[in-house]
Amino acid sequence: MGHFRTHRLGELTWTEARDAAALNPIVLIPSGAIEQHGSHLPLNEDAITAEWVSEYIAEHLETPVLVAPTLSYGHSPIFDSFAGTLNLSFETLQAVLFEVMDSLVKHGFRRIVIVNNNGGNQASAAHAADRLRQKHGVLVGSVYPWGIGYRVMRDMYEDPASAYGHGSEPEHSAMLAMFPELVQSQFITDGGFEPFEGWTPTNYSEAAVPGTGEAGTLYWEFSDVAPSGVTGNPHLGSADIGNVWIQRVAHEVCLGFVREFDRNSADASWARSER
Ligand SMILES: [Zn+2]
């Protein structure tokens, strides 16, 4: 918010970056995926949403924040058979995240928050953050906007369990609010799981255990159980619901987390530059 010529790290010069590090800003790393989200939503939605939320935080936080270039490629093996899904392995993604953060620390940026918007990236991000802490003592933060949305939007739907899903709620509504020009509503197909070799899928990688209300995990491909790529109810999306998502997810939780991260790291010994 006015601390730098631009809060986009990639648009600074190296001398501006050197001077920016001296202010000990928080650096956000948007992390997404290029993966299918049905025939009405773009392959890059996780990445552009991570970037949108990061920009929102940078514009609303009172203290200095930089947004690193978005890491668009992610780890989405479950969608591998859908055209256009571009996958990094777990090992590659964690190495890229670690090496980007290692570079940031080398140049004096020790307060780092990953804005990760793909569930498949979570393990890679955790491993990279653990390694960074072991090497530099730096405590890395992370928020997952899509994941937060599942928890804080339940009262917006009559039956959240049937509304929620891949390419459905609440991500479809959030996309209608943030990027209406990228949503092709005319191509919406019905969502839902299909039985697979006797199993009854209940989630991306879970199948019902009859008579228990519980589920077990199976490592199938999404196309095995949801050939259209869509689960949940993709007909419920609206920009109005999406604006509630922005308020609750981006404003209250993501911005709130980074503000809390700022408060708790401002005077922390690990956050002081080694240089
Ligand atoms: Zn996704």
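This is a predicted model: local features need pLDDT of at least 70, side-chain atom pairs count only at pLDDT 80 or more; totals for chains, interfaces and linings use all residues.
In soluble globular proteins, nonpolar side chains tend to be buried together.

**The chain as a whole**

The chain contains 9 helices and 7 strands, and 48% of its 275 residues count as buried. A compact globule of 275 residues would have a radius of gyration near 19 Å, and because the chain has 19 Å, the two agree. Taken along the principal axes, the box filled by the C-alpha atoms is roughly 60 × 35 × 35 Å. Of the contacts between residues at least 6 apart in sequence, 75% join residues at least 24 apart.

**Buried residues in loops**

Where is His-75 found? It sits in the loop between strand 2 (65-67) and helix 3 (90-106), and it counts as buried because its relative accessibility is 17%, below the cut-off of 20%. Apart from its neighbours within four places in sequence, His-75 is in contact with Asn-87, Leu-88, Ser-89, Phe-90, Leu-93, Asn-118, Gly-120 and Asn-121.

Val-230, in the loop between helix 8 (222-225) and helix 9, is likewise buried, with a relative accessible area of 0%. Which residues does Val-230 touch, not counting those up to four places away in sequence? They are Gly-38, His-40, His-166, Ser-168, Thr-189, Gly-191, Gly-192 and Phe-222. Val-230 and Gly-167 are 63 residues apart in sequence, whereas their C-alpha atoms are 5.3 Å apart in space.

**Backbone features**

The peptide bond from Glu-169 to Pro-170 is cis, with omega near -10°, and Pro-170 itself lies in the loop between helix 6 (160-163) and helix 7 (171-178). Asn-24 has a positive phi, near 50°, in a residue other than glycine, and Glu-197 likewise has a positive phi near 50° without being glycine. Asn-24 is placed in the loop between helix 1 (14-21) and strand 1 (26-31), while Glu-197 is found in the loop between helix 7 and strand 5 (201-203).

Are these two residues buried or exposed? Asn-24 counts as buried, because its relative accessibility is 19%, whereas Glu-197, at 68%, counts as exposed.

| Residue | Relative accessibility | Class |
|---|---|---|
| His-75 | 17% | buried |
| Asn-24 | 19% | buried |
| Glu-197 | 68% | exposed |
| Val-230 | 0% | buried |

Notes: Residues are numbered from 1 along each chain as its sequence is written. Side-chain values use heavy atoms; hydrogens and water are left out. Helices (H or I, at least four residues) and strands (E, at least two) are DSSP runs, numbered from the N terminus. The radius of gyration is taken over C-alpha atoms; the globule rule is 2.2 Å times the number of residues to the power 0.38. Buried means under 20% relative accessible area, exposed over 50%, partly exposed in between (1.4 Å probe, protein chains only). Contact means heavy atoms within 4.5 Å.
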